[in-house]
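Please look over the sequence and the fold side by side before reading on. The paragraphs below begin at the surface and then turn to the strands and how they pair.

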Amino acid sequence: MKPISLIISAFGPYADKVQINLSKLGENGLYLITGDTGAGKTTIFDAITFALYGEASGNSREANMFRSKYADVNTPTFVEMVFKYCDKEYKIKRNPEYLRPAKRGEGFTMEKAEAEIVYPDGKVLTNAKKVTEAVQELIGLDREQFKQIAMIAQGDFLRLLLASTKERSEIFRDIFNTKVYQRLQDKLKNESGTLKNEYECFKQSISQYIDGVVCDADNVLNIQLTKIKSEGSLATIDETVELIEKIIDEDEKIHIQHTELLNSTENKLEEASGILAKAEKDNRAFINLSKIEAIKCQKLQELALNKDALDVETAKALKIEKIGGAIHTAKDKLNKYDDLQSILNRIAAKENLLSIHKLNTVNLDEKLQNSTNYLKKLKNDLELLKDAGINKEKLENQKKDMTEKQKMVTELLNTLSELDLLTEKLEMAQKKYKNASEHSELTKNQFDRMEKEFLDEQAGILASKLVVGKRCPVCGSFDHPLIATLSKNAPTEAELQSAKAEREKYQMEAAKCSTEAGTWKGKVEASKIELIKQSSNLLGDCEFDEIKDKVQHKQKELKTALAELLEKINGEENRVKEKESLEKEIPQSENVIKECQDTISKCKQEIASLEAERKGLLESKQKLVESLVFNTKAEAEEHIRNLENEKTMMQKAYEKAKNAFEECNIAVTECNAKIEALKEQLKEAEKVDMDAENHKKTLLLQEKSELNRKITKITSRLDRNRTALHSINTQMGNLSEIEKRWTWVKALSNTANGNITGKEKIMLEAYIQMNYFDRIISRANTRLMVMTSGQYELKRRVEAENRQSQSGLELDVIDHYNGSERSVKTLSGGESFKASLSLALGLSDEIQSASGGIQLDTMFVDEGFGSLDEESLNQAMKALAGLTEGKRLVGIISHVAELKDKIDKQIVVTKEKTGGSKIAIYS
């Protein structure tokens with residue numbers, strides 16, 4: 001990648017747009033970037049890095065800090081670069097996020113960060129993030145890699161040279177992406193720690209399970225168990241397992257013995273309970289026999305009474321059949337009452353319809369008369385409105401004309417308001433100019449006075465050195481008739497320069513204010529011309545001072561006329577609406593009259609028909625009434641309900657007497673059966689001593705309870721001990737597996753993390769980095785041998801200083817002049833610079849090589865040459881010149897004066913007195 005052209009606008013110390021034609025520097029060789037301190041030499045590399053990646057070359061500068069503090073508010077901030085890569089030309093443009101004046105209105109708005117890249121085929125890609133990704137894909141480097149390869153930055157020279165193994169490892173980790181090995185080291189270390197914790201957890205778990213084993217205090221094995229628990233050692237695990245098995249075996253035997261005793265006790269308890277239960281059952285049988293015999297006697301008496309009542313109800317059965325026949329005959333005639341009611345309903349309906357039709361006929365006659373009168377009125381009103389709407393179009397045209405004139409009046413008033421604002425700004429600008437002009441005149445007079453005093457003072461200094469008889473150094477005369485004298489109040493040259501700067505400042509301010517006032521004056525005059533032009537169409541020819549009064553008068557006149565016109569239009573519109581309403585309403589009224597006449601005719605026909613039907617229904621009603629016993633159906637139904645109630649009461653009385661007799665008969669039979677059964681049961685009854693049997697049962701229950709308690713205790717112990725034994729055996733298997741895995745993971749972790757006892761502390765990542773470091777040292781020595789005339793050679797330290805700290809990336813230097821080998825920290829300032837520059841160049845070469853043959857044809861070296869003597873500087877220049885082989889350009893950023901004589905191609909950065917910097921290229 002080689003920059004061809006670079007444009008920097010309002011960026012860093014560059015206030016204006018600056019174009020750097022880097023093609024003038026040629027295809028290869030060294031060039032110098034020099035200039036004032038803080039002028040912006042390093043900013044050139046910042047601009048290149050920002051154009052490519054949207055960030056600066058250093059970590060102390062953020063992209064949103066690039067906006068130049070010297071730039072005009074309207075000057076945009078951006079960097080544009082044309083560069084070549086693989087003989088193809090690309091153009092990239094990028095701007096940071098910054099505040100700019102709003103395009104509309106006042107104030108400021110945020111300009112968003114944007115970027116675009118133009119490919120050789122003309123394709124354009126936008127979006128800051130996508131452009132950065134495209135650059136990384138094209139060049140093959142991210143920002144950090146580009147900075148490491150393309151820029152040996154100020155202050156970074158000694159960082160890599162004097163770093164410890166740990167510090168150098170952190171540097172190489174990012175450059176050569178060896179973090180994956182560090183992660184492997186950490187993962188192995190963490191895995192080893194995790195397995196160790198698991199191993200200890202399993203050991204602790206086994207101890208806890210052993211602590212959970214219980215034994216009967218009276219058992220001799222409890223002494224051994226207590227001893228094992230107190231020792232807490234896993235070395236006796238096999239003995240412990242064997243002891244637990246013995247405890248379980250003895251408890252199982254005791255459990256069997258107690259279970260057999262419990263079964264025997266339960267059998268005896270069941271036999272005693274049987275005897276007691278039979279005795280209680282016989283006692284209850286004697287009591288029940290007496291109760292049932294008494295009940296049987298009572299039921300026999302009730303049975304005789306119920307038999308008499310049943311005979312009486314049976315004699316009433318013939319009357320029930322007669323009542324049933326009468327009910328059937330009455331129900332057959334019920335339908336005729338329905339027919340009668342139907343005729344009555346029809347007669348009522350006909351009479352109701354007759355009443356409605358007669359009333360409707362009266363109402364319709366009245367409506368017909370009213371409608372006829374209303375129609376006549378509508379036709380008279382329509383005749384009066386026959387000319388409505390003729391004047392509406394004329395009035396609308398007048399309204400449109402007045403509206404246009406009102407719009408013109410509004411525009412003129414707005415223009416007058418804008419002119420007032422412009423006039424106000426003009427007066428402010430003129431006042432500002434007057435103040436600035438007065439300050440300018442004062443500072444000019446003051447400077448002229450001070451300049452005269454200063455020049456007079458210079459003449460006095462020269463006069464003090466004149467010698468009689470010798471020529472004047474100014475005019476050459478031998479005579480000095482009027483010798484100038486020194487002034488006590490003459491200004492110094494610094495004071496004079498300060499006054500001059502003050503004068504120039506106020507002159508510039510006055511000129512700026514004059515320009516501003518002139519601009520506002522032009523705007524005011526232009527606005528007046530436009531106002532006169534606009535008013536001529538509405539007001540005709542008039543003077544400028546008359547316009548405002550005439551416009552306001554015209555506005556009031558139009559407002560009054562328009563109100564009167566709108567009132568006329570509204571009245572005309574109302575007459576048109578009224579006419580249209582009448583034209584719709586007259587046909588509707590005519591239809592209403594016709595409908596009334598038709599409806600009256602139909603009503604009269606209906607009335608005649610209904611009166612004929614009513615007469616026939618009255619005759620049918622009379623015939624049906626003569627054939628019925630009761631006047632209404634309700635009276636007939638009431639008679640039927642009375643008969644049915646009588647029949648039902650007689651049937652219920654019979655059923656009640658019958659059921660009472662049968663229930664008493666059944667109860668007597670049941671008593672006889674129970675008496676026989678109880679007598680049969682009591683034939684085998686024996687006398688039993690209940691107190692003795694109850695005492696015997698109580699003793700057996702106590703014995704059973706004690707056996708259950710012992711069995712429960714033993715069962716609990718067995719369950720607990722069996723679970724503990726199973727868990728111990730399981731955890732022993734897990735412990736063995738974890739121990740095997742921990743052994744080989746720990747060995748791997750110690751190897752990868754450099755913790756093998758008695759050997760150097762070299763981690764896996766450091767070992768990988770050592771390979772890179774050896775290649776870097778090899779590349780660095782090709783330059784260092786040139787810079788030091790073969791005296792010094794860098795060497796990676798093979799032997800560690802101690803076996804306690806990490807090693808492998810320490811650096812020594814071989815002095816071939818005396819054959820010694822020592823730490824690079826013993827080198828002098830100039831020697832350290834040479835060594836660190838060589839190492840940095842070697843690092844750059846290795847990164848570029850490791851990145852897959854990246855083409856980077858431009859490189860920058862920032863400062864560090866001030867510590868070199870003449871010979872060392874020549875040697876460093878020779879080594880750097882070796883970097884320019886092929887088509888590579890190497891830019892050196894430096895203040896060192898000797899470099900200006902040694903390097904012809906130069907980029908000179910100069911600070912401007914008014915703020916900002918400028919650039920010149922000399923090739």
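A residue is called exposed when its relative accessible area is over 50%, and buried when that value is under 20%. In this predicted model, Phe 108 has a relative accessible area of 54%, so Phe 108 counts as exposed. Phe 108 belongs to strand 7, which covers residues 108-111, and together with Val 73, Leu 99 and Met 110 it makes a nonpolar surface patch of about 390 Å².

Turning to the sheet, six strands form an open arrangement in the order 2-1-4-5-8-9, and their pairing is antiparallel. Strand 2 (14-21) and strand 9 (124-126) stand at the edges with a single partner strand each, so one side of each has no neighbour in the sheet. From one strand to the next, the twist averages 10°. Within this order, strand 4 (residues 78-85) and strand 5 (residues 88-95) are joined in the antiparallel sense by seven bridges, and Tyr 85 is placed opposite Lys 88 of strand 5. Helix 1, made of residues 41-53, lies across strand 1 (2-11), strand 2, strand 4 and strand 5, and runs at about 100° to strand 1.

Strand 14 pairs with strand 15 (residues 889-893) in the parallel sense over five bridges, and Phe 860 stands opposite Gly 891 of strand 15.

How values were computed
Residues numbered from 1 in each chain as written. Predicted model: local features only at pLDDT ≥ 70, side-chain atom pairs only at ≥ 80, totals over all residues. Heavy atoms only, no water. Pairing = 2+ DSSP bridges. Helix = DSSP H or I, 4+ residues; strand = E, 2+ residues; numbered from the N terminus. Axes fitted to C-alpha atoms, helices over the stretch in contact; angles between N-to-C directions. Contact = heavy atoms within 4.5 Å. Patch = residues over 30% accessible without salt bridge, like charges linked within 9 Å, V, L, I, M, F, W, Y side chains within 5 Å. Areas by Shrake-Rupley, 256 points an atom, 1.4 Å probe, with all protein chains shown as cover. Salt bridge = Lys/Arg side-chain N within 4 Å of Asp/Glu carboxyl O. Buried < 20%, exposed > 50% of the residue type's maximum accessible area, 1.4 Å probe, protein only.
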